[in-house]
Amino acid sequence: MRQSVVIPIWLRILKRDKYFMLQENKIGKIISFKTTNGDEVVGKVTGQSTDELTIQQPVILAASQQGLAMVPFLMTADMNNANVVFKTSNIICSADTSEGVADAYFENTTGIKPIRSGIIT
């Protein structure tokens, strides 16, 4: 008697299209992603292909005594308006960055404090 094997849907998607998570156009958005070595990277997408993801001024999240801190991804590079290219094969997952973290990233990289619409007190 032959046994049937059930393949989970996520595995079928992964086999069909290895980079399914990056098919949506993310250019201009601030995203968070996890690399294969465990770094959580936050940055603005400036370029995207099936093999590469270009991030402007990427930062990693590091624990500090005051909470989470944003540290430049490449410590020895000139990160002012730097574009860093990541291979999509080294990205485990990605998602849109939460509003609070995106605002903190924007303020850290530009020096401009974002203002959300609402009642000014």
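This note walks through a pocket, an aromatic cluster and a strand pairing in the structure above.

1. A word on the basis: this is a predicted model, in which local features need pLDDT of at least 70, side-chain atom pairs count only at pLDDT 80 or more, and totals for chains, interfaces and linings use all residues. Residues are numbered from 1 along each chain as its sequence is written, and side-chain values use heavy atoms, with hydrogens and water left out.

2. Let's start with the second largest pocket, which holds about 150 Å³ of space. A pocket here is an open set of points on a 1 Å grid over the protein atoms alone, where a 1.4 Å probe fits, with protein on both sides within 12 Å along at least five of seven lines; lining residues have an atom within 4 Å of a point. The volume is the space filled by probe spheres set on the points, which are joined across faces, edges and corners.

3. Who lines this pocket? Among the lining residues are Gly28, Lys44, Gln56, Asn81 and Tyr105. Helix H2 (99-110) and strand S3 (52-64) each supply at least two lining residues, and H2 gives the largest share, four residues. Helices (H or I, at least four residues) and strands (E, at least two) are DSSP runs, numbered from the N terminus.

4. Buried means under 20% relative accessible area, exposed over 50%, and partly exposed in between (1.4 Å probe, protein chains only). Leaving aside neighbours within four places in sequence, Gln56 is in contact (heavy atoms within 4.5 Å) with residues including Lys44, Asn81 and Tyr105.

5. Now for the aromatic rings, where the structure holds two pairs. In one of them, Phe33 and Phe86 have ring centres 5.1 Å apart and planes at 80 degrees, so the pair is edge-to-face. Phe33 lies in strand S1 (residues 30-35) and Phe86 in strand S5 (residues 83-87), 53 residues apart. Rings of Phe, Tyr and Trp (its six-membered ring) pair if their centres lie within 6.5 Å; planes under 30 degrees apart count as stacked, over 60 as edge-to-face and the rest as tilted. Ring pairs link Phe33, Phe73 and Phe86 into a cluster. Phe33 is buried at 2%, and Phe86 is buried at 8%.

6. Finally, look along S5: Val84 and Phe86 form its covered face, while Asn83, Val85 and Lys87 form the uncovered one. S5 pairs with S3 in the antiparallel sense over five bridges, where strands pair if DSSP finds at least two bridges between them. Ile55 stands opposite Val84 in S5.
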